[in-house]
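Have a look at the structure first, and then we can go through it together.

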Amino acid sequence: MSTNKYRPHILVLPEDAADSELALGFFLYDPVALRELQVLREAGGWAEVRDKFGLEHVPEMRRYRQRYMVLLVDFDGQPERGDEMRKAIPRDLTDRVFVIGVWEEPEDLQRQQLGNNEAVCRQLARECRENRRELWNHELLAHNAAELDRMNGILRPILFPAN
Amino acid sequence: MIKRFYVHNFRCFQNFELPVAGLASSLLIGNNGSGKSTVGFALEILQKIARGTNHVNDLIEKVDFGLSFPRGPMRFEIEVEIDKTTYEYDVAFERPAGSDEIQVRDERFSCDGVLIYSRDVTQVEWTRTGTKEIVKFPFDLKLIALTWFQEHSEADPLRVFKQWLAHMLILSPVPSAITGDSEGANLTPNRQVTNLGEWFTELVTQSPAAYPRIASFIQQFMDDFLEIKNENIGRESRSLDVLFGRDNTRIKMPFELLSDGEKCFVICALVLASNFAYGPLLCFWDEPDNYVSPSDVGHLVMALRREFENHGGQLVVTSHNPETIRHFPRDKSLLFYRKSHVEPTQVRPIVDIEVHGSLVDALIRNDVEP
């Protein structure tokens, strides 16, 4: 059931274990195409995500043109975090790489009693499929709006092929 | 779903309770010898009872008693919720002083808090079905009483509970021993899944809708999979073949020639289809990632988790595999720990343990302790 590299597929590179659990919540949502999504090992920090992406994934993405990547990082309350990450994305790959994350850190989702990481992300997946933005508009997630707009057109058909 | 599972004085378990209440999927991690697989062996004793084994000598051996109390009592207590009804069953065994023989010490079964029967060595007290009349009678101390009572209807609590236990999937597959041949049909796969052919036959016979699910799942990881054939090779015998094809080429492969990992994916497909067809089930799978390539482990684990998280039932897996460990959240991961072979198993949820950084790295460093 390995991800088929020659068909559109999505790799998620999470910053840490909490981000990884968020990504797994997407997996748990039944309509998500199981084989088109792969959550990679956590990088260990947002800078490590950026560096690992540049070192390992840029060359592989050029090799496998059906590959899309989601860089899942904590914004740590820094408005410029998204732009800093995007600077590391070569111009020829910008259409295939997305940067999203929680405004501070995923643990805030539980602190605000939105549910555990998996449950929150399962709900986010449901909203993606139904093209709704309720939980996505929460103050901890609303900064992802522009990136979500891009993802909606490109990743949605890969994640939800039955739609 | 298990609400409580308590085991005392069985192998490395002393006063042991498995904290999986409310968890639709959970992962048991810990060093070799910490007791993870023993959970499966303990469940298997209850399953054997439900499948009709009623003599203590066919259930327990002397070596199963814990080192500290070699004469017992050895106790198993399970509380499960099935369709919003709670069933409780306790059974204890002992070896009385001066005797080498194992016997039943006590036993009780209740449904939603109402005692159906209790038993003290050779004396059984039973509340006659549909009445408040209590019947007392002597019973053989070497036999299990749970298997003796007649079931009066499909809804009889004894039947519901025993069927749930009997249908538990306790798996530790040995793919090389799985041929796909069968001499009958049943929904009772054994631990090594060497009777996969019987399981497949009964599953698709009882629930034809299960087959498309099996096929669809297998197709996800074998692009050229077309179908599974289960043809008669004798009056009572069948043999599984797998049909592959691409363009105009077709190949029929005997099931036993599939790779070990491919057989595990078929087992996974049967688990998912079984939970759909006659679940909700409890599935205990000892190292489902064995034989599976690193790029497939995450998908296999998430397919299992997705089924049990979203569609009822309960999944308990053990693993040493970093990929599997990564695919369970920490609040569903339990650490099994044992200081030495003469000390009992301890179990703690990972969230209650201080782990710095990556859990996998901490496990590799052997830094995770309760």
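In what order do the 8 strands of the open sheet in chain B run?

## The sheet of chain B

This is a predicted model. In chain B, the strand order of the open sheet is S2-S1-S4-S5-S6-S7-S8-S9, and the pairing is antiparallel. Strand S2 (16-17) and strand S9 (134-138) of chain B are the edge strands, each pairing on one side only.

Strand S1 (residues 2-8) of chain B and S4(B) are joined in the antiparallel sense over 6 bridges.

## Where the chains meet

Turning to the contact between the chains, 18 residues of chain A are in contact with 21 residues of chain B. On the side of chain A that touches chain B, the elements giving two or more residues are helix H1 (17-28), strand S2 (37-39) and helix H5 (117-130) of chain A. H1(A) gives the most, with 6 residues.

What is the make-up of this side of chain A by class? It has 7 nonpolar, 5 polar and 6 charged residues.

## Backbone details to check

Some torsions deserve a look if you plan to inspect the backbone. Most residues other than glycine have a negative phi, and most peptide bonds are trans.

Two peptide bonds in chain B are cis: the one from B:Gly72 to B:Pro73, with omega near 0°, and the one from B:Gly279 to B:Pro280, with omega near 5°. B:Pro73 lies in the loop between helix H1 (36-50) and strand S4 (74-82) of chain B. B:Pro280 belongs to the loop between helix H5 (260-278) and strand S15 (282-286) of chain B.

A:Asp76 has a phi of about 50° and sits in the loop between strand S3 (67-72) and helix H3 (81-87) of chain A. With 13 other C-beta atoms within 10 Å, A:Asp76 is partly exposed.

In chain B, the phi of B:Tyr291 is near 75°, again a positive value in a residue other than glycine. B:Tyr291 is placed in the loop between S15 and helix H6 (294-311) of chain B. Is B:Tyr291 buried or partly exposed? B:Tyr291 has 18 other C-beta atoms within 10 Å, so it counts as partly exposed, given that a buried residue needs 20 or more.

Note on methods
Residues numbered from 1 in each chain as written. Chains lettered and ligands numbered in written order. Predicted model: local features only at pLDDT ≥ 70, side-chain atom pairs only at ≥ 80, totals over all residues. Contact = placed C-beta atoms within 7 Å. Helix = DSSP H or I, 4+ residues; strand = E, 2+ residues; numbered from the N terminus. Nonpolar A, V, L, I, M, F, W, Y, C, P; charged D, E, K, R; others polar. Buried ≥ 20, exposed ≤ 12 C-beta atoms within 10 Å, placed from the backbone. Pairing = 2+ DSSP bridges.
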